[in-house]
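Visitor: I am new to protein structures. Could you show me how to read one, feature by feature?

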Amino acid sequence: MNDKIRVLSISSMFPNLRMPVHAQFVKQRLDALSQYVDLTVISPIPWFPGEKLISRYCNRHEIPIATNQNYYPTFFPKFFSIPAILKPLEGLFMAYSVYAWVRKYNKPDNFDLIDCHLGFPDGYAGALLAKILKKPFVVTLRGHDINELYKYPIRIRQVIFALRKCSRFFGVSQALVDGAVKLGAPAEKGCRSANGVDSRRFFPSDRQVTQTQLGLDPQLQYMVSVSHIVKRKGNDILIRALAILRKKGYSKLRYIIVGAGGNEEGDFSGFLKKLAAELGVSEYIHWIGAVENTKLHRYYSAADISCLASEKEGWPNVILESMACGTPVVAHSTWGVPEIITSENLGFLVENRTPEAFADAIERGLAKTWDRDAIVAYAKDHSWDNTAQELFKHFTEIV
């Protein structure tokens, strides 16, 4: 007889056939959690009539209703959503979609806890479902569901409603927990539950050998960034920083850009390539495109320094992933980032999000002698299994 806690996880952010490299941090957390609970995952997919006629959304219909490629049952039911126009109602429509799935394919008594992976729309949908099905629920805050919430007055009320009704809410950084409390969430329900890193996927390899394998010149220096190529990630700042450093004499410095457009957020690469041409640095930039999560370690290992110029981040996994490969990080000091880069032996925080400030920090990073073994050891202390064990304790107490 299976006596594990039965968890229904709802996550609008989860890899699927259309976006295989999307939200790997959610999947890796659930992979680890599935070792301790009986897990079912539902990742609702937005849908609206006529979406096939719009290039940004036309291939959503290719996503199958279910997949057996994970350690746990995973489903992708559709829910009604018109971008921008009906965004405030997404939680309601998502709740209806998941409820219909539960009634059709499962039974309300087949799970003990609802686990929601964003404040909005997942958290609000979970709050409505929990009330109907009379189950406890928890919410995880990941970044934009709190740090950009001030822009959306209707969402604020929905998210705070969910955080007041849930049994517990988790922030991937303490900064997000504190931000939620400032907006009106109950402090006694908030807990920090940081993301982790899989050291089986992210590990150091010989830099020169790896550079040769990737077709890079071991005689040069490399800075790398890994992110979606969208405006908020700040690749333009790093391109400008590259131009500044080359003018200062760093003729061997190259910039490796790993990532692709953000599907729903568009593709910023056209603007970036035009900017690089205007600054005269096009030939010093390597455009890699999207890379599978299992192969990213090679690009971190090949780099001298890893960079993140995002405007806002909850707990950016790319920082720990880089550290697990022994590569120090230069990153904008926003929200949860200072909770990861806790020492200048791990990397440098950039307070002012400007090309000049990043150029200065990168220059310092290239000049510093790093203890890469210590950086790797620090990252290994932040494992996904540790995160899963902490969550399991919370779930056990709740159930």
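**A guided reading**

Guide: Start with helix α11, where eight of the eight residues are buried, so the helix is largely enclosed by the rest of the structure. Keep in mind that this is a predicted model.

Visitor: Which residues of α11 are buried?

Guide: They are Asn317, Val318, Ile319, Leu320, Glu321, Ser322, Met323 and Ala324. Here, buried stands for a relative accessible area under 20%.

Visitor: Which strands does α11 lie across?

Guide: Helix α11, residues 317–324, lies across β11 (221–226), β14 (305–308) and β15 (329–332). Its direction is at about 170 degrees to that of β15. Just after the helix comes Gly326, with a positive phi of about 85 degrees.

Visitor: In what order do the strands of that open sheet run?

Guide: The order is β13-β12-β11-β14-β15-β16. These six strands pair in parallel. β13 (285–289) and β16 (347–350) stand at the edges with a single partner strand each, so one side of each has no neighbour in the sheet. From one strand to the next, the twist averages 20 degrees.

Visitor: How many bridges join β12 to β13?

Guide: Four, and the two strands run parallel. Strand β12 covers residues 253–258.

Visitor: Now a single strand. How do I read its two faces?

Guide: In a regular strand, side chains alternate between the two faces of the sheet.

Visitor: Which strand pairs with β8 over three bridges?

Guide: Strand β7, residues 113–116, pairs with β8 in the parallel sense. Ile114 stands opposite Phe137 of β8.

Visitor: What about backbone angles?

Guide: Most residues other than glycine have a negative phi, and most peptide bonds are trans. This model has exceptions to look at. Ala23 is not a glycine, yet it has a positive phi of about 50 degrees. Lys134 is not a glycine either, and its phi is positive at about 60 degrees.

Visitor: Where do Ala23 and Lys134 lie?

Guide: Ala23 is in the loop between β1 (6–10) and α1. Lys134 is in the loop between α3 and β8.

Visitor: Is Ala23 buried or exposed, and is Lys134 buried or exposed?

Guide: Ala23 has a relative accessible area of 5%, so it is buried. Lys134 is at 73% relative accessibility, so it counts as exposed. The cut-off for exposed is over 50%.

Visitor: Which peptide bond is cis?

Guide: The bond from Phe120 to Pro121 is cis, with omega near 0 degrees. Pro121 sits in helix α3.

Visitor: Let us stay with α3. What does Leu133 contact?

Guide: Leu133 is found in α3, residues 119–133. Leaving aside neighbours within four places in sequence, Leu133 is in contact with Tyr99, Pro108 and Phe111. Leu133 has a relative accessible area of 10%, so it is buried. Val102 is 31 residues from Leu133 in sequence, and their C-alpha atoms are 9.9 Å apart in space.

Visitor: And pockets? How do I read one?

Guide: Rolling a probe the size of a water molecule over the atoms shows where empty space is left. Look at the second largest pocket, with a volume of about 370 Å³.

Visitor: How many residues line the second largest pocket?

Guide: The lining has 16 residues, and Asp31, Ala32, Asp198, Arg200 and Trp384 lie nearest the centre. By type, the lining divides into five nonpolar, four polar and seven charged residues.

Visitor: Which helix gives the most to that lining?

Guide: α1 does, with four residues. α1 (24–33), α13 (372–380) and α14 (384–398) each supply at least two.

Visitor: One more residue from α14, please.

Guide: Take Gln389, which lies in that helix. With a relative accessible area of 34%, Gln389 is partly exposed. Gln35 is 354 residues from Gln389 along the chain, while their C-alpha atoms are separated by 9.4 Å.

Notes
Residues numbered from 1 in each chain as written. Predicted model: local features only at pLDDT ≥ 70, side-chain atom pairs only at ≥ 80, totals over all residues. Heavy atoms only, no water. Pairing = 2+ DSSP bridges. Axes fitted to C-alpha atoms, helices over the stretch in contact; angles between N-to-C directions. Contact = heavy atoms within 4.5 Å. 1 Å grid on protein atoms, 1.4 Å probe; cavity = no way out; pocket = protein on both sides within 12 Å on 5 of 7 lines; lining within 4 Å. Points joined across faces, edges and corners; volume = space filled by probe spheres on them. Nonpolar A, V, L, I, M, F, W, Y, C, P; charged D, E, K, R; others polar. Buried < 20%, exposed > 50% of the residue type's maximum accessible area, 1.4 Å probe, protein only.
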